[in-house]
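Dear colleague,

I am handing over the structure we spoke about, with the sequence alongside.

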Amino acid sequence: MELLNYEILKKSGYDGYILEKAPEKVLQFGEGNFLRAFVDYWFDLANEKAGWNGKCCLVQPIAPGLANMINEQEGLYTLYLRGSQNGQKVDDKRVISCVSRCLNPYEAEGYRQMMEVAVSDDLEIIVSNTTEAGIVYDPACQMSDIPCASFPGKMTQVLYARYKAGKSGLLILACELIDNNGKELQKCVNQYIDQWGLEEGFRTYVNDACTFCGSLVDRIVPGRIRDAAEVAALEEKHGYADPLLDVGEVFGLWVIEGDPRLNDVLPFRKAGLEDRVFVAPDMTPYKKRKVRILNGSHTGTVLGAYLGGYDIVRDCMGDEAVLGFMNKALQDEIVPILPLDQEDCKKFAAAVQDRFNNPFVNHELMSISLNSTSKWRARNMPSFLEYIEKNGKLPVCLSMGYAAYIAFFSNDIQDLNAEGLVCRRAKGNTYTCIDDRWVLEHYYAHRNDSVEDLVHSVMANTQMWGRDLTEIEGFEALTVKNVKLIREAGALAAYASCL
């Protein structure tokens with residue numbers, strides 16, 4: 001089977017939108033599955049719907065990468081957006097053509113080409129997703145490095161070359177999953193200006209002529225298809241081979257933090273995407289909505305569902321007790337206390353069920369369980385405390401979710417080894433809890449405690465929660481009762497008792 005490129009695509013009979021030639025308006029640091037299924041998808045739609053007429057030039061952020069494969073396919077790749085929407089199965093194919101090429105800056109020619117794009121009159125935007133570890137200041141980097149090892153170092157090199165060439169400032173969109181991603185990137189660039197002794201004119205250019213925007217990205221991207229039979233069937237169907245084929249969920253949201261006037265600069269509003277990609281002066285409300293509703297549903301529900309015998313998120317959604325428990329928590333305890341537009345929150349919450357019920361994504365509960373202590377504190381505790389403050393009573397489902405957390409980390413503890421805390425569930429198999437080592441050591445040290453003593457030790461641990469939870473009236477007694485119910489009747493029965 002021949003490899004995907006423009007000539008092969010034409011022969012295949014593909015009749016979707018394709019743009020073969022256009023100026024490189026975006027320099028994108030990152031060429032992995034997520035950016036190609038998310039950012040490049042939106043730019044591809046902007047080309048089709050708004051006549052944006054732009055290409056994205058990708059850059060490998062680390063030495064091993066996909067540059068050769070992407071260039072071999074002339075930037076083309078197949079994207080499937082799969083999932084459930086309004087209860088209906090969706091499986092949409094699109095060939096993405098907004099990528100021009102991919103550069104490897106760790107090769108002399110790739111670095112030269114990156115700096116050539118940096119000073120281009122066509123360049124308008126820099127996008128990045130270099131993982132959570134990408135936006136880090138590394139003092140070992142020097143201006144003379146070809147290239148700097150750190151992404152902020154490369155960014156400084158690119159911006160300095162553009163400044164020296166007398167070219168206009170750029171719009172910089174950071175997509176890394178860290179707080180204040182845009183501001184942190186700008187801060188790192190300023191640190192290199194100090195370290196390298198660069199002129200004050202360049203500092204003014206970076207901080208005034210360029211616009212650093214943080215952003216919130218939301219799309220689950222499983223990435224490549226691993227089943228060989230399905231890959232072979234798709235190649236036969238497409239009429240070409242595509243090792244870069246990417247898969248993402250249907251839902252997608254990109255909130256860019258900045259001056260709303262940027263909505264008129266970026267092509268997304270003109271493309272009719274303003275409900276999914278937009279600029280807002282503060283992305284905090286949208287982050288809070290995502291963390292409390294989407295992430296909070298995960299953390300608050302899946303630990304008990306796993307103890308109840310389920311392994312995959314989608315399968316949980318077919319259980320009346322689990323689904324009812326999750327929806328009651330959302331509708332009665334989480335959404336009503338959010339200081340946000342209630343209709344928007346309800347729509348976002350309604351989409352959660354479709355996203356969790358994705359027939360194409362085998363999202364394992366154990367992968368969601370990683371670091372559940374800090375997750376419960378960040379995702380669920382704010383809703384829990386605000387509910388009490390507003391209603392003067394304990395929330396039924398959030399309280400049960402906390403008990404499920406304790407039960408998950410203490411269920412028939414077998415061992416504490418280098419991998420984590422080994423427990424056993426009623427189904428008979430062992431499972432390994434992964435969290436901060438001190439958390440696991442706490443549970444292991446209390447493995448022979450009574451339920452009362454275990455619950456007290458966990459709730460009083462201020463390192464875990466930032467406060468002593470035993471001081472919340474009635475919470476300790478309720479948690480003891482709920483943990484006993486989970487252990488004696490099972491987690492699914494405990495969830496059902498909340499309905």
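What follows is an account of what was found in this structure, taken topic by topic.

Please keep in mind throughout that this is a predicted model.

Tyr 443, leaving aside its neighbours within four places in sequence, is in contact with Tyr 405, Ile 406, Phe 409, Ser 410, Ile 413, Leu 421, Leu 454, Val 458 and Met 464.

The aromatic residues deserve a paragraph of their own. The structure holds 34 aromatic pairs. One of them joins Phe 38 and Trp 42, whose ring centres are 5.9 Å apart and whose planes meet at 85°, so this pair is edge-to-face; both Phe 38 and Trp 42 are buried. Tyr 405 and Trp 465 form another edge-to-face pair, because their ring centres are 5.5 Å apart and their planes stand at 85°. This second pair links distant parts of the chain, with Tyr 405 in helix 16 (residues 396-410) and Trp 465 in helix 19 (residues 462-465), 60 residues apart. Tyr 405 is buried with a relative accessible area of 0%, and Trp 465 likewise counts as buried, at 2%. Tyr 405 and Trp 465 also belong to a cluster linked by ring pairs, in which the other members are Tyr 306, Trp 376, Phe 384, Tyr 402, Phe 408, Phe 409, Tyr 431, Tyr 443 and Phe 475.

Two arginines lie over aromatic faces. Arg 425 is placed over the face of Tyr 306, at 3.8 Å from the ring centre, and Arg 447 is placed over the face of Tyr 444, at 3.9 Å from the ring centre.

Ser 399 is a polar residue to look at in helix 16, where Ser 399 is buried with a relative accessible area of 0%. A polar atom of the Ser 399 side chain lies 2.6 Å from the backbone oxygen of Pro 395. Beyond its neighbours within four places in sequence, Ser 399 is in contact with Phe 384, Leu 394, Phe 475, Leu 478 and Asn 482.

How many disulfides are there? The count comes to zero. Cys 56 counts as buried at 0% relative accessibility, and Cys 98 is buried with a relative accessible area of 0%.

Lastly, there are some backbone details in loops. The peptide bond from Ile 146 to Pro 147 is cis, with omega near -10°. Ile 146 is found in the loop between strand 6 (125-128) and helix 6 (151-164), and at 55% relative accessibility Ile 146 counts as exposed. Not counting residues up to four places away in sequence, Ile 146 touches Pro 105 and Tyr 111. Glu 74, although it is not a glycine, has a positive phi of about 55°; Glu 74 sits in the loop between helix 4 (67-72) and strand 3 and counts as partly exposed, at 37% relative accessibility. Asn 180 also has a positive phi, near 55°, and is found in the loop between strand 7 (171-174) and helix 7 (181-196), where Asn 180 counts as partly exposed at 42% relative accessibility.

Notes
Residues numbered from 1 in each chain as written. Predicted model: local features only at pLDDT ≥ 70, side-chain atom pairs only at ≥ 80, totals over all residues. Heavy atoms only, no water. Phe/Tyr/Trp six-rings, centres within 6.5 Å; stacked < 30°, edge-to-face > 60°. Buried < 20%, exposed > 50% of the residue type's maximum accessible area, 1.4 Å probe, protein only. Helix = DSSP H or I, 4+ residues; strand = E, 2+ residues; numbered from the N terminus. Lys NZ or Arg CZ within 6 Å of the ring centre and 35° of its normal. Polar contact = N/O pair within 3.5 Å; in protein donor to acceptor, adjacent residues only side chain to side chain. Contact = heavy atoms within 4.5 Å. Disulfide = S-S within 2.5 Å.
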